[in-house]
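Biologist: I am new to this model and would like to learn how to read it. Could we go through it together, feature by feature?

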Amino acid sequence: MFYLDRAATTPVRREVLEAMWPYLAGTFGNPSSTHEVGSAAARGLTAARAVVAAAMGCRPGEVVLTGGGTEGANTAVKGIALATPRGRHVVTSAIEHEAVLESCRYLARFHDFAVTVLPVEPDGTVTSGALRAALRPDTTLVSIAHADNEIGTVQDVAALAEVAHAVGARFHTDAVQSASWLPVGLDVLGVDAVSVSGHKLGATKGTGALAVRTGVPLEPLVHGGGQERGRRSGTEDVAGAVGLAAAWRSVLAGREAAAARATAVREHVVAGVLERVPGAVLTGPRDRRLPGHASFCFPGVHGETVLLELERRAVVSSSGSACAAGSTEASHVLTALGLTEDLARSAVRLTFDETLSMNDAEAVVDAVASAVDTVRMLG
């Protein structure tokens, strides 16, 4: 079987499980407790936080451990906007994850914020000009993802953040999809906050981190015991943090080489599908996209039907975001590119890591061509 849905989740790495086990068994204490059992857990948490901070290009004190990418995005968007806003205006893009879009809608409904949703180019990119035109004297936050999960587009976040900072606005980026492939440090991207998810890195579900630059006020979503320096109350998941740190170690040890291998395989898949499937449309850019990401629309078919045929051919993939699975609505990302709703419903997304070989890629292309041909004949 070829598992080509890594944008949805990745298998837990063996080294992650091995690192977590002691903190699920013997070292089980509450890290806030003052006895030795708690202190042992606290030491593990401190060590894990240091690893996560190094991976995210920040100090350990700038890391907020979260329950995943959705919580990280909610905390960043709501927390920064509500802490000490210079005004009640936020800017985002039309292709953001619902975690960001819904957070912006929440600010509009309950806190009287104005929300500007930027249009994107046909390949999913946000231009500096579009952002510059949308900024206002009262803009307090801009949130634009580093890379899109449905079409793989990688934004020039550093350039966009520079535009936002020029008027005094803060900038958050959702790096859930890009972290396994690209550097996502605060200084590398030039942002004020960046959020990641553990289960996209080979850690367990329900783990993640938000890096927030020192000096950026953050209103917490969860109040209580004041953990995470008052930014996220609740007893910390020590084992989850240790697992997240172990996943980061593995990612960083081979990220550049893995990205190069996956990019070459991606190009083979893209070229093969466009050649073998009449009318196939590549969604997102051909070059400025995530390494292990190939996404298409196939006119005249329904994407979910193609997925069933692919699974019969031992290829597991998806039509887009797992958070929207089962919805009858056309993808808001694809319609934002200017695609019709019918064409958007034909989407198929293939996301993989560096272990997919060129021979595997050829088999995947064969499966896609065969699956689409079968669905078209049945239709």
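Biologist: Let me start with one side chain: is F110 buried or exposed?

Modeller: Buried means under 20% relative accessible area, exposed over 50%, and partly exposed in between, using a 1.4 Å probe and protein chains only. With a relative accessible area of 56%, F110 is exposed. Before we go on, note that this is a predicted model, where local features need pLDDT of at least 70 and side-chain atom pairs count only at pLDDT 80 or more, while totals for chains, interfaces and linings use all residues. Residues are numbered from 1 along each chain as its sequence is written, and side-chain values use heavy atoms, leaving out hydrogens and water.

Biologist: How many aromatic pairs does the structure hold?

Modeller: A pair of aromatic rings is described by the distance of the centres and the angle of the planes. Rings of Phe, Tyr and Trp (its six-membered ring) pair if their centres lie within 6.5 Å; planes under 30 degrees apart count as stacked, over 60 as edge-to-face and the rest as tilted. The structure holds two such pairs. Y106 and F110 make a tilted one, with 5.3 Å from centre to centre and 40° between the planes. These two residues are four apart in helix α4 (residues 98-111), so about one helical turn separates them. Helices here are DSSP runs of H or I with at least four residues, strands are runs of E with at least two, and both are numbered from the N terminus. Y106 counts as partly exposed because its relative accessibility is 26%. In the other pair, F296 and F298 are stacked because their ring centres are 5.9 Å apart and their planes lie at 20°. Both F296 and F298 are buried.

Biologist: Which charged end sits over the ring of Y106?

Modeller: A charge sits over a ring if NZ of Lys or CZ of Arg is within 6 Å of the ring centre and within 35 degrees of the ring normal. Here the charged end belongs to K78, 4.6 Å from the centre of the Y106 ring.

Biologist: What is the order of the strands in the open sheet of seven?

Modeller: Two strands pair if DSSP finds at least two bridges between them. The order is β2-β8-β7-β6-β5-β3-β4, and the pairing is mixed. V90 stands opposite L141 in β5.

Biologist: Which strands form the open sheet of three?

Modeller: Its order is β9-β10-β12, with antiparallel pairing. Two bridges link β9 to β10 (residues 293-297).

Biologist: At roughly what angle do the axes of α2 and α8 cross?

Modeller: Two packed helices are described by the angle between their axes and the distance between the axes. Axes are lines fitted to C-alpha atoms, for helices over the stretch in contact, and angles run from 0 to 180 degrees between N-to-C directions. Contact means heavy atoms within 4.5 Å. The axes of α2 and α8 (residues 238-276) come within 8 Å and cross at roughly 35°. Among the residues that meet are A41, G44 and L45 in α2, and V238, A241 and W248 in α8.
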